[in-house]
Amino acid sequence: MTIPANLKYTKDHEWVRIDGDIATFGITDHAQEALGDIVFVELPDIDRELEAGEAYAVVESVKAVSDVYSPVAGAVVEVNEELEGEPEKVNTDAFGGGWIAKVKISGDATVELMTDDEYNTFLEE
Amino acid sequence: MPDVEIDLARTPLFDAHVALGGKMVPFAGFEMPVQYRLGALKEYTAVRNGEAGIFDITHMGQVRVSGNDALAYLQYLTTNDVSKLVDGQVQYSALLNESGTFIDDITTYKILDNEYYLCINAANRHKDVAHLQTQAASFDVSVVDESDDTTLLALQGAAAQAALQPLLDRDLESIGYYKFAQIKVNGVDGIVSRTGYTGEDGFEIYIPNAIAVDVWDDLLQNGAVPIGLAARDMLRTEMGYALYGHEISDAVTPVEAKLMWITKLDKGDFIGKVAVEARKSAGPRQRLIAIKLVGRGIPREHYPVSVDGALSGEITSGMHSPMAGGVALAYVKPEHAESGELSVEIRGKQVAAERSKLPFVRSNVRR
């Protein structure tokens, strides 16, 4: 699986795509692979204010429950409701249809973000 | 805290698991596959939807009990009535402490009048064997732990019989549910029983380690799909089968665990009988119930269970069932076993639940 160049990555294996003041979040292909079959995603409430690094969603695989952390600060403006019926999209299309939430960015605070190359190196370490 | 190095054992099939993409995890002192390349959900589906799943359950222990007192000894050590067994029959049973709580749950195989074979849980093996050997001192029996020499495979699912038959020189049709035969598997002496832990028709196959890889490969060749621990746990939880360390432990008696059907108080004396009788007349301290989540979420082990808004107990096993949704087994206060509004606390929120019959999905074992 190639790591898309238009996204940024966190050490917790989340991705973020920034379009103007909107950031879209998901977990990386590496993350879904490590978790195994995803059977439930708990989405955040709309309008919830997130700090950078705050747990905003929960992804549950057959055996494990994992928090997902917000790479940037902002307010939730949209969630991927399709994941309520098809959580497996996180497995099959982690960087696309498996997106989890969109936030309206507030302020400059972010967790440490990596480029695709940096994330690739991070995975190899 | 520093990492503690634990020497994990490997079954003769370790390399085979790795070659199949098995994700190896520590389990009951062994390195076992939690899933293979297919993933837990597809493995589960293969077993439920008519294929044959093959499971390496060599971590489980086997003990041979033989001698003139074998029957009297097992009547005294186990909860079920061993005198009811005929040659070639398997019985679900348990070992209890004097306090009536579980040392382990087991299966007892009657080979002959003076010879029996016990299958015990991996995590309890050394404790069980010590108990069995200590108690053997007062009986004319020999108790031999054969676990290290024995590979145990489970082959489960509607296609199990077709996959296994070509390896045997005897018609499997003649082996009924909870029956077994001493039989040649690829020409080598083994034991095949029509038993399992999935709710599907299938077999458990005891063979010497030396032929483990050959038999495994042959069964794969015959279409069997390798199944890891994650799918195995899904399959057994859907049936509501107890698992030691979850529904049963040294903290509960058969009265709490709904296992009085394997505890025969009228068969004569056995270890734990007096305590179980006392518990039965005093009433259980808690009761095991089956739960289905009504709201969204996955009920998981240790999640608190409330009745009418007050904490009543906790989940012992829980999962997302592809067929039945969020399902769980839980201990609750005895007065809540049959009535009161149930809820499960998931990450601080109360999610509505209801009582369910067991099994959660239809059993296809061959009665």
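**View 1. Chain A of the predicted model has four helices and nine strands.** Along the principal axes, the C-alpha atoms of chain A fill a box of roughly 35 × 35 × 20 Å. Buried residues make up 44% of the 125 residues of this chain. Of the contacts in chain A between residues at least 6 apart in sequence, 64% join residues at least 24 apart.

**View 2. Nine residues of chain A contact 12 residues of chain B.** On the chain A side, strand S4 (38-42) and strand S6 (55-61) are the elements that give two or more residues. The chain A residues that touch chain B comprise five nonpolar, one polar and three charged.

**View 3. Chain B contains an open sheet of five strands in the order S5-S6-S7-S4-S8.** The pairing is antiparallel. Strand S5 (89-96) and strand S8 (142-145) of chain B are at the edges with a single partner strand each, so one side of each has no neighbour in the sheet. From one strand to the next, the twist averages 25°.

**View 4. Strand S6 (residues 102-112) and strand S7 (residues 115-120) of chain B form an antiparallel pair.** Five bridges join the two strands. B:Thr107 is opposite B:Cys119 in S7(B).

Technical notes. Residues are numbered from 1 along each chain as its sequence is written. Chains are lettered from A and ligands numbered from 1 in the order in which they are written. This is a predicted model: local features need pLDDT of at least 70, side-chain atom pairs count only at pLDDT 80 or more; totals for chains, interfaces and linings use all residues. Two residues are in contact if their C-beta atoms, placed from the backbone, lie within 7 Å. Ala, Val, Leu, Ile, Met, Phe, Trp, Tyr, Cys and Pro count as nonpolar, Asp, Glu, Lys and Arg as charged, and the others, Gly among them, as polar. Two strands pair if DSSP finds at least two bridges between them. Axes are lines fitted to C-alpha atoms, for helices over the stretch in contact, and angles run from 0 to 180 degrees between N-to-C directions. A residue is buried if 20 or more other C-beta atoms lie within 10 Å of its own, exposed if 12 or fewer, and partly exposed in between; C-beta atoms are placed from the backbone.
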